[in-house]
Amino acid sequence: MPRTLVYGLGESGRAAARALAARGESVLAADAADTEQLRSTSAELGVETVLGAGPEILQRGVDLVVTSPGVPPQDPLLKAAGAAGIPILSEAALGLKLLPAGLPVVAVTGTNGKTTVVDMIRKILEASGVEHVVAGNSWRALTGCLGEVERAEVLVLEVSSFQLHHLPEPGFRVAALLNVRPDHLNWHSSFEEYRRDKLRIFEGQGPGDLALVSRRDPVGWEAAGGFVARTLVIGEGETGVWDGALMLGGERLVGVEELSFAGVHNYENALFAAAAARELGAGLEDVREGLRSYSPRPHRLALVAELGGVRYVDDSKATNPAAVAAALESFDDPVVLILGGSEKHTDFGEVVPRLGRCRAVICYGEAGPRIAEYLEGRAVRAPVVRAGGLAAAVESARRAARPGDVVLLSPGCASFDEFSGYAERGERFAGLVRGGGT
């Protein structure tokens, strides 16, 4: 019997191991780390497990490797598997392989906005009554909900570049690439590799499928000419934000004043969602109802408090410079911007032209000194302030802000120097703001 190695025992790895074992497959689970938590986890899996694993585990007779998104391609075990000609799939690719053929799948990727677009699609499909399941990346692992998916009419899948890297020829019914900006260059070997992985979302599509790209995104827009699928460009022709309304193929959806969210990037997200949902059978009124009732998820330009005439906004989910640039476009009032967190060595050049509306820029955390030095070298007009951790950054922002200003936590970095993730960082920001001190 062929043997599958599931490598990486986070949520997606555990789900993959259980899904394969439930089908009677021969499974070997492994992780490069060896911790108490992993030992407890492996004891509950019910499959043979090896912790502290390296390339030598491949000698146990492995025919397929299923890798978790947290494992970079440069990992020694994955490199050894590739050199030995052993196929490597992401957990999402395995999930798609285990599903029955013919199920319509809408897949969404992009540097920024993919979780929001998937959430908007979910809201519209709920209004339309189309039975669907949402999985992938920020949601549930696909292999952990295969039974539900098999009973649904549609699968809505959020896919990251990590998942696409090991996902050959997916052939999605609807594929949406929102944008591509430099990110995750600590995982990918180069921006070119990252770009190629994002474009994999369109591989395997046929003439009856739909490809969605943005006119504002050079990567998707330039690649669109080579697509086999029907292609809709958001922001071009009769699809875009015209005269204060969202228009899809010449049909008016909603006025922007009817929506509970703002910002050019969010209006574009809504059009991606509307186009995908319409392709999946949602009616025009369902689209309108879904968008009118949609509220942004936490830590995405969420108003935390208004104190002394200053609005404090949590955009902790903005973990790359492109997301910061989009956030700054959403405000007309002066902004005290908080940047920083754990280092990803990304270029903040995209942010610099949008700092003209900033009263001050607070740079904190592990990446803070590098960002501050970079901005000072670009002769940014706003004062650049260095702070140690997030608490010090909030206090510095409080001192710099004036009534009518916005204090915006839009870090442009990951959070792992202080926190377990962007959600914990956003919650800490809210606590610091409401607590009135450090």
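**Entry 1: a first pair**

Which side chain meets that of Glu 268 in a salt bridge? I looked it up and found Arg 216, with 3.5 Å from N to O, where a salt bridge is a side-chain nitrogen of Lys or Arg within 4 Å of a carboxyl oxygen of Asp or Glu. Glu 268 lies in helix α10 and Arg 216 in the loop between β10 (210-214) and α9 (218-223), so the pair ties together parts that are 52 residues apart in sequence. For the names of these elements I note that helices (H or I, at least four residues) and strands (E, at least two) are DSSP runs, numbered from the N terminus.

Before going on I wrote down that this is a predicted model, in which local features need pLDDT of at least 70 and side-chain atom pairs count only at pLDDT 80 or more, while totals for chains, interfaces and linings use all residues. Residues are numbered from 1 along each chain as its sequence is written, and side-chain values use heavy atoms, with hydrogens and water left out.

I then checked how covered the two partners are, taking buried as under 20% relative accessible area, exposed as over 50% and partly exposed as in between (1.4 Å probe, protein chains only). Glu 268 counts as buried because its relative accessibility is 12%, whereas Arg 216 is partly exposed at 41%. Both belong to a network of salt bridges that links Arg 216, Glu 268, Glu 329 and Arg 354.

**Entry 2: other salt bridges**

By the same rule I have a count of 29 salt bridges. In one of them the side chains of Glu 148 and Arg 140 meet at 2.8 Å, N to O; Glu 148 is partly exposed with a relative accessible area of 36%, and Arg 140 is also partly exposed, at 35%. I next looked at Glu 343, which forms a salt bridge with Arg 370, the closest N and O atoms being 2.9 Å apart. This pair links distant parts of the chain, with Glu 343 in the loop between β17 and β18 and Arg 370 in helix α13 (residues 368-377), 27 residues apart. Glu 343 counts as buried at 18% relative accessibility, while Arg 370 is partly exposed at 29%.

I turned to Ser 342, whose place is in the loop between β17 (335-340) and β18 (358-364). Ser 342 counts as buried because its relative accessibility is 7%. A polar atom of its side chain lies 3.1 Å from the backbone nitrogen of Phe 416. Leaving out residues up to four places away in sequence, I listed what Ser 342 touches, including Glu 366, Cys 413 and Asp 417, with contact taken as heavy atoms within 4.5 Å.

In helix α12 (residues 321-328) I found that 8 of its 8 residues are buried. Among them are Pro 321, Val 324 and Leu 328, and the buried residues of α12 pack against α10 (264-279), β17, β18 and β20 (406-409).

**Entry 3: the nonpolar cores**

The largest nonpolar core has 50 residues, a nonpolar core being a set of buried Ala, Val, Leu, Ile, Met, Phe, Trp, Tyr and Cys residues joined through side-chain atoms within 4.5 Å. Those with the most contacts inside this core include Leu 142, Val 149 and Phe 172. Helix α1 (residues 11-22) gives the most to it, with 4 residues, and the core draws at least three residues from each of domain 1 (4-86) and domain 2 (94-293). Not counting residues up to four places away in sequence, I see Val 149 touching Leu 99, Leu 103, Val 133, Leu 142 and Leu 155. Apart from this core lies another, of 40 residues, among them Leu 125, Val 134, Ile 234 and Ala 277.

**Entry 4: domains 1 and 2**

The assignment gives domain 1 (4-86), domain 2 (94-293) and domain 3 (302-436), and such bounds come from an automatic or database domain assignment. The C-alpha centres of domain 1 and domain 2 lie 30 Å apart, and their contact takes 17 residues from each of these two domains. Between them they bury about 1,100 Å², 66% of it on carbon and sulfur atoms, buried area being the accessible area (1.4 Å probe) that two parts lose on being put together, summed over both. In domain 1, Arg 23, Pro 69 and Pro 73 lose the most area to domain 2, together 38% of what that side buries.

I counted 1 salt bridge between domain 1 and domain 2. Glu 150 forms a salt bridge with Arg 23, with the closest N and O atoms 3.7 Å apart. On the side of domain 1 that touches domain 2, α1 gives the most, with 6 residues.

How values were computed:
A polar contact is a pair of N or O atoms within 3.5 Å; within protein, one must be able to donate a hydrogen and the other to accept it, and residues adjacent in sequence count only if both atoms are side-chain atoms.
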